[in-house]
Amino acid sequence: MSQIRTINHSASGASFQFHEFGATVISFKTSSNRECLFLSRDAKLDGSKAVRGGIPLVFPQFGQPDKSMPQHGFLRNNIWKIDESSAYDNESGAGISLTLNLKDVKNSRGGKWDENTKYDLVATFSINVEAAKMSTELSITNTGTAGEKFDFQTLQHTYFRVDDRAAYDLKQCYVKGLEGYAVFDQITNETSTVGADPIVLEGNVDRIYTPPSGKEVVSVNIGVGGGKVMKLTASGICDDSAIPVSCVVWNPYKEKAAAMSDFGNDQYEEMICVEPGLLGTTSLESGKSAKLTQVIELC
Ligand code: BG6
């Protein structure tokens, strides 16, 4: 039975909670006790399914472009090891790291990542909290034999909590900062470019935003209701080179929410997923590391 842990930042009173299953952060409370992450009331917390809410980690594929591998990969579906020696709580913040070695991955393998894979890796996820800010960094190191490189996609699939009913109040819930990004609508298969208007939810939304050339770091403001804004910044690096960060915006709306066994039927009005990630094809050489860092801050 895997466990849930809470890490408190003594100096500010902020805290976060994570589940060993998937190293999934399931709560981030600021020093003013505001919950910033959405967790479905029907989320499975017994390790039988990826957690519906918080920050599930997506790797080595986003969605299911390769049908022989499971949707969103295996990081979110396996028990990670808590690195107790990494825990700290000091003036500037509190945090901890978890690791997952490929040899300990039991669930959701497949395709070129099946049990007989020639690849090897270690994943590390580090979480830090301070007053109104949480930083999360996923690092993947290719520990395979020399010459064995692999391609991957990765995301931090962040579920933001918005005030009850705010998601469909266009003045309260929006995403700003993706102007000029190319949009691929995963529902209609249409492509377009983001204009000056903020992105608002108008129903079932499932879109991929790809940055214009030269834009590496993604930085967006998310309206979360009550006059509050969550600022999200994310950057990616692979073998010391910056990789442009894309962003997925998702809300299942009524019908899809009702069709998911682990999602409260009416809870689509309490959340918006804004998911920064490396969605191009990034190749990682053996001995090298890639990192995806997300910082969220309540303003
Ligand atoms: C989003 C995808 O990232 O995750 C959606 O864009 C998908 O297409 C959603 O429905 C949830 O995925 P899952 O596997 O957690 O149900």
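Residues are numbered from 1 along each chain as its sequence is written. Because the model is predicted, local features need pLDDT of at least 70 and side-chain atom pairs count only at pLDDT 80 or more, while totals for chains, interfaces and linings use all residues.

**Stop 1: the ligand.** Select the ligand, then the residues around it: Ala-50, Gly-63, Gln-71, His-72, His-157, Gln-186, Asp-206, Val-248, Trp-250 and Glu-275. The shell has 3 nonpolar, 5 polar and 2 charged residues. Here Ala, Val, Leu, Ile, Met, Phe, Trp, Tyr, Cys and Pro count as nonpolar, Asp, Glu, Lys and Arg as charged, and the others, Gly among them, as polar.

**Stop 2: the annotated pair.** Select His-157 and Glu-275, which an unreviewed UniProt entry annotates as "active site"; such annotations may be inferred rather than shown by experiment.

**Stop 3: His-157.** Look in the loop between β9 (150-156) and β10 (159-161); strands are DSSP runs (E, at least two residues), numbered from the N terminus. His-157 is buried because it has 23 C-beta neighbours inside 10 Å, the cut-off being 20 or more, with C-beta atoms placed from the backbone. Beyond four places in sequence, its contacts (C-beta atoms within 7 Å) include Ile-55, Cys-273 and Glu-275.

**Stop 4: Glu-275.** Move to strand β19 (residues 271-284). Glu-275 has 24 C-beta neighbours inside 10 Å, so this residue also counts as buried.

Note on methods: A residue is near a molecule or strand if its C-beta atom, placed from the backbone, lies within 6 Å of it. Helices (H or I, at least four residues) and strands (E, at least two) are DSSP runs, numbered from the N terminus. A residue is buried if 20 or more other C-beta atoms lie within 10 Å of its own, exposed if 12 or fewer, and partly exposed in between; C-beta atoms are placed from the backbone. Two residues are in contact if their C-beta atoms, placed from the backbone, lie within 7 Å.
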